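Subject: Structure handover

Hello,

Here is the structure I promised to pass on. My notes follow below it.

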Amino acid sequence: MPHSLDTHRIYPRSVKGAFRSLKYLVLVLAYGTYFTLPWLRWDRGGGPDQAILFDIHARRFYLFDLVVHPQDIFWLAGMLILAALLLFFVTGLAGRVFCGYFCFQTLWSDVFVAIERFVQGERTARIRLDKAPWRPIKILKKGLTHLLWLVMSFVTGLAFVLYWGDAPTLVEQFFSAEAPFAAYATTLFLTATTYVMAGIAREQVCLYMCPYSRFQSVMFDEDTLVVEYDRLRGEGSAGRGRLQKTLRDRDSRHQAGMGDCIDCGYCVQVCPTGIDIREGLQIECISCGLCIDACNTIMDSVGWERGLIKYTSERSRLGEKTRFIKAKTLGYGAAILVVSGALLWSVLTRGDLDMSASQIRQPLFVLLSDGRIQNRYELKFNNKSEQTLVLDIGLEGLPGAELDLGTLERIELAPEHSLRVMAKVRLAPEPAGAEQTPFTFVVGTQVGGQQEVVRHPSQFVVPANRINR
Amino acid sequence: MANTTDKPKTGGAVQTTGHAWDGDIQEFNNPLPTWWIWAFYLTVAFAVIYWILYPAWPMGKGFTTGVSEVTFESGGKEVTTHWNTRARLAHEMQASDEAQRQREYLERVASADFNTIFGDADMMAFAQSTAKGIFGDNCAPCHGSGGAGVTALFPNLADDDWLWGGSVDDIQTTIQHGRRGYMPPFKQTFNEQQLADVTDYVLGLSGHQVDPEAAKRGQAIFQGETGGCYYCHLTDGTGRKSQGAANLTDAIWTMIDVPGAADMDAKRRLVSGVISNGVTRIMPPWDGRLSPEQIKLLSVYVHELGGGQ
């Protein structure tokens, strides 16, 4: 039956087990990082003392000892490429474990369900409460649930905002109505989206909104781990069946052709997306493993071996060994190594000075009174260090050319500042020369006692009627 | 009367308006979706609130002005008016943080002398970026956005040749008061031969290969009272800056494209054309149109364009 938005409401039942514990561990780590990181102080010797600070106004991103400038924005592209490759890599190996364990929709839904359970009780109590008429106790319980959800949403929104300003100051400003408008707007927006997505929409987000859940399925192959119900063992030849008085023990069940599934429905009740895993792999499955925990609990209690539902691959089900080392793993793994290596190299070797040189194109060249040709260039320098840099600007590859930096005797670049300098280059063109001659601006400076040299290619343009005649 | 009927295609029951004509002709009632109706009511409520908050309805000769006010300065007077985007723009151009910072920087540059500005990389960068806009708004229509000018009409500001002087003070004077460049036409004064002789002499001044005999005759006219050219162009041909007279000894020609001409005959035609027809060029004064600070920044900018002296 195709899903539609008005299918039955899902009341996930609680379960204990290895995968549930793992999910709680991930949750604690993620929340511990997300909510406390803005409060971590960091001494970077000048500049703000917050470990992670995205300072939009000053155009600086502070990540511990790394200060990211707008010119380094391509690192963001590198990060996103890396994140995408990691997702592909993990999905190819172990299916949608990102969805089940790490996605913030899953994490926050988990917390919101826990709040719901804390106030309203276990699954059956919640179903009963929903069916009950609106009496004070129901209003109280429902109201308290939504209130706690809103508080959780607000804390989530506020924590996000704290990354973009000095956390203690911002909190103080926030509650004395002095914070910037953007802080209130962002907090309000994230409060609303968290409340709606984690409180109300929940699995609908995964089913109808999330694009990743759809395209992850194309990365599956026969070696990808998926949550699967052992149909052979569970159904036997006569299908699953509840524990009955006449068929109490396992042997008598097997003789009757009955499988090991006692059709208790626990695996369905714990599923956060409300599917029955026994019907096979479905697009709704987020690979969270809670049904495995549920089934293992039941198997333990009846004393049969675990693993009626487990993480397995198609190849393993067919009796072969799952191959983890395959072309997809190696390919994505190599790509991850290359991208992370390039990113790391770029971060580690970033210079303290960067420059750009763009030629003034209007006019492209000018004839001087002594017959020479002049081209102008706009040089932009950016100092990423904490000290004043004195720039020594020169030319390379343009013999006989004169460089004129105007009236500036000494070009100083204040710490964390940028500067524009107009440069004029004059040259008596060779009659047989080219219209365009490539050359290089070479800029040297002393950073921390070390000579740093930055080069930028450019070109010198001569009017066509000045050559070849 | 039945208020529903069967919809022929889907078979589901559909509400009707309850009207029936000719016994069996009924009218379906397909009400708008509830969310749509509510969205409509919300827009109505929004409109009513908007009418109260913002200028909205015409009332006789005036109109409802909304609730908030904007204060800005206009012509030395403080004006307070009802909220409108034009007043808000004026207010922000005067009172925003950015405007405040720009004004402070402008005052710093205005109170500094040219030598200080030229020696300070930050001030130079400010002058460059601010004056670029002023130049684009006021000067570019004639001199071009990069100051390259138009041959015969508007001098090139990007080269190092200055008709009226290339020091930053000269440039400031030029912008403040404008210039009126004039060279009389000589077609009544010179006969054909004299014109050709002066042309050869003038071309020879900038190093062109000319007929030495003709140039010698031309020199006599140029340096003598027949032509009187040396009054303005000086005896060495370098030009009197106070008159805006062109330097005839360098490679730059502001009226004609001599370097681009195909051969000597073409060059001669160009030069003799200028001599016989004369030159009249006018640059308007900018004092009063631009503030002294703007003219100062502009002087720095133009000086930097080509390499002032």
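At what angle do helix α1 (residues 18–36) of chain A and helix α4 (residues 104–120) of chain A pack, and how far apart are their axes? In this predicted model, the angle is about 105 degrees and the axes are 10 Å apart. Angles of 65 to 115 degrees count as roughly perpendicular, and α1(A) and α4(A) are therefore roughly perpendicular to each other.

On the α1(A) side, the contact is made by Arg20(A), Lys23(A), Tyr24(A), Val26(A), Leu27(A), Ala30(A), Tyr31(A), Tyr34(A) and Phe35(A). From α4(A) come Thr106(A), Leu107(A), Trp108(A), Asp110(A), Val111(A) and Arg117(A). Sorted by class, the contact of α1(A) with α4(A) has 10 nonpolar residues, four charged and one polar.

Next, the interface between the chains. Chain A puts 18 residues into the contact and chain B puts in 27 residues. Between them, chain A and chain B bury an area of about 1900 Å², with 53% of it from carbon and sulfur atoms. Of the area that chain A buries against chain B, 26% is supplied by Ser369(A), Thr407(A) and Arg420(A), more than by any other three residues.

The count of salt bridges between chain A and chain B is one. Glu304(B) forms a salt bridge with Lys424(A), and the closest N and O atoms are 3.8 Å apart.

Last, chain B. Its domain assignment gives domain 1 (4–31), domain 2 (37–95) and domain 3 (130–306). Glu304(B), the partner of Lys424(A) in the salt bridge, falls within the bounds of domain 3. The C-alpha centres of domain 1 and domain 3 of chain B lie 90 Å apart.

Regards

Methods: Residues are numbered from 1 along each chain as its sequence is written. Chains are lettered from A and ligands numbered from 1 in the order in which they are written. This is a predicted model: local features need pLDDT of at least 70, side-chain atom pairs count only at pLDDT 80 or more; totals for chains, interfaces and linings use all residues. Side-chain values use heavy atoms; hydrogens and water are left out. Domain bounds come from an automatic or database domain assignment. Axes are lines fitted to C-alpha atoms, for helices over the stretch in contact, and angles run from 0 to 180 degrees between N-to-C directions. Helices (H or I, at least four residues) and strands (E, at least two) are DSSP runs, numbered from the N terminus. Angles under 35 degrees count as roughly parallel, over 145 as roughly antiparallel, 65 to 115 as roughly perpendicular and the rest as oblique. Contact means heavy atoms within 4.5 Å. Ala, Val, Leu, Ile, Met, Phe, Trp, Tyr, Cys and Pro count as nonpolar, Asp, Glu, Lys and Arg as charged, and the others, Gly among them, as polar. Buried area is the accessible area (1.4 Å probe) that two parts lose on being put together, summed over both. A salt bridge is a side-chain nitrogen of Lys or Arg within 4 Å of a carboxyl oxygen of Asp or Glu.
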